[in-house]
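Hi everyone, thanks for coming. Let me put the chain up on the screen, and then I'll walk you through it.

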Amino acid sequence: MHAPHGERIGIADLAGMKANGERIVMVTAYDYPSAGVADAAGVDVVLVGDSGAMTVLGYDSTVPVTVDEMLVLCRAARRGAHRPLLVGDLPFGSYEGSDADAVATAQRFVKEAGCDAVKLEGGGSSVERARAIVRAGIPVMGHVGLTPQTAASDGGLRARGRTAEEALAVLDAARALEDAGCFSIVFEAMPAAAAAAIALQLSVPVIGIGAGADVDGQVLVFHDLLGIHDGAPARFVKRYDALRDRMIAGVASFTDDVRSSGYPAPEHTYGMPAEEQTRLEELLAAR
């Protein structure tokens, strides 16, 4: 069940929601205002995703973003997200090298940014990293299917699990992450039938992004669902607004107003008593 109104949502609440068949809502957020919007809209989990590398920081992929950059985004989101569980994405290169590296990085996300949990991508060595972080007392969310951090070396940005064998490999990775202690797992870009079948084999909540409706919850990128990010969205994105178009129109109206001297109008300015204005003119003339 949901946490009582006003109380921060915890990992046990997510497990309870799965048990009760309640859908879990997760969105990404990368700063104070977007996290505040997510909080006010009643979402359950805010993910400070490494997708912020592209949506906020302007990189071409998630790979270049650093831990320090992610911590800035996480700290800002924490100030805006009071009720949702806050999950910080461990960026590429910050956890793969060793268990010690992984734990040290995860500790920074909790100590310095106030994250409730961290997320890491993939199976393989990531399973051991997840286990080490969990043993250090930090909750971990896993991520299987399409894993953008390693997509370039793993077949590109394509759906995973289209064949039975590939779906079984995703299941094996998900089970390993669950066994390592992950409290939840993200399924990205998978056939709905495969995701549904695999989710039934797991006991932890499964959050889908492009993985069909038969999982425990859904996540979308803030800038995608609101139409802030330019470029063509992925197949699985549903746009609920076109804010970028509206933002451009608003700034263009301001531009036109300034150039035509329509702004500022008298109601946008501060007044000065007539006697003070006269004195100012006299003082200026004396100079």
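**A buried arginine and its surroundings**

Let's begin with Arg-129, which is buried, at a relative accessible area of 13%. By buried I mean under 20% relative accessible area, with exposed being over 50% and partly exposed in between, using a 1.4 Å probe and protein chains only. Before going on, a word on the source: this is a predicted model, where local features need pLDDT of at least 70, side-chain atom pairs count only at pLDDT 80 or more, and totals for chains, interfaces and linings use all residues. Residues are numbered from 1 along each chain as its sequence is written, and side-chain values use heavy atoms, with hydrogens and water left out.

So, what does Arg-129 pair with? Its partner in a salt bridge is Asp-99, and the closest N and O atoms are 2.6 Å apart. A salt bridge here is a side-chain nitrogen of Lys or Arg within 4 Å of a carboxyl oxygen of Asp or Glu. Asp-99 belongs to helix 5 and Arg-129 to helix 6, so the pair ties together parts that are 30 residues apart in sequence.

Helices and strands, by the way, are DSSP runs numbered from the N terminus, with helices being H or I of at least four residues and strands being E of at least two.

Carry on to Pro-139, in the loop between helix 6 (125-135) and strand 5 (140-145). Pro-139 counts as partly exposed, at 25% relative accessibility. Leaving aside neighbours within four places in sequence, Pro-139 is in contact, meaning heavy atoms within 4.5 Å, with Ile-11, Asp-116, Ala-117, Val-118 and Phe-183. One of those, Asp-116, is linked with Arg-8 and Arg-78 in a network of salt bridges.

How many salt bridges does the structure hold? There are 11. Another one joins the side chains of Asp-89 and Lys-119, at 3.1 Å from N to O. Asp-89 sits in strand 3 and Lys-119 in strand 4, so this pair ties together parts that are 30 residues apart in sequence. Are these two side chains' residues buried or exposed? Asp-89 is buried at a relative accessible area of 2%, and Lys-119 is buried at 2% relative accessibility.

Then there is Arg-244 with Asp-230, where the closest N and O atoms are 3.8 Å apart. Arg-244 is in helix 10 and Asp-230 in the loop between helix 9 (222-225) and helix 10, so the pair ties together parts that are 14 residues apart in sequence. Arg-244 is partly exposed at 33%, and Asp-230 is partly exposed at 44%.

**Around helix 10 and beyond**

Staying with helix 10 (residues 243-259), we find Phe-254 there. Phe-254 is partly exposed, with a relative accessible area of 46%. Together with Val-258 and Tyr-263, Phe-254 makes a nonpolar surface patch of about 280 Å². Patches are made of residues with over 30% relative accessible area and no salt bridge, joining like charges within 9 Å and nonpolar side chains (Val, Leu, Ile, Met, Phe, Trp, Tyr) within 5 Å.

Please look at the backbone here too. The peptide bond from Tyr-263 to Pro-264 is cis, with omega near 0 degrees, and Pro-264 lies in the loop between helix 10 and helix 11 (274-286). That loop also holds Ser-261, which has a positive phi of about 65 degrees although it is not a glycine. Ser-261 is exposed, at 61%.

Ala-189 is another non-glycine with a positive phi, of about 50 degrees. Ala-189 is in the loop between strand 6 (184-188) and helix 8 (192-199), and is buried at 11% relative accessibility.

**The whole chain**

Let me finish by zooming out. The chain's secondary structure comes to 11 helices and eight strands. Of its 287 residues, 45% count as buried. The C-alpha atoms fill a box of roughly 85 × 40 × 35 Å along the principal axes.

Conventions
Accessible areas come from the Shrake-Rupley method with a 1.4 Å probe; for residues, only the protein chains shown count as cover.
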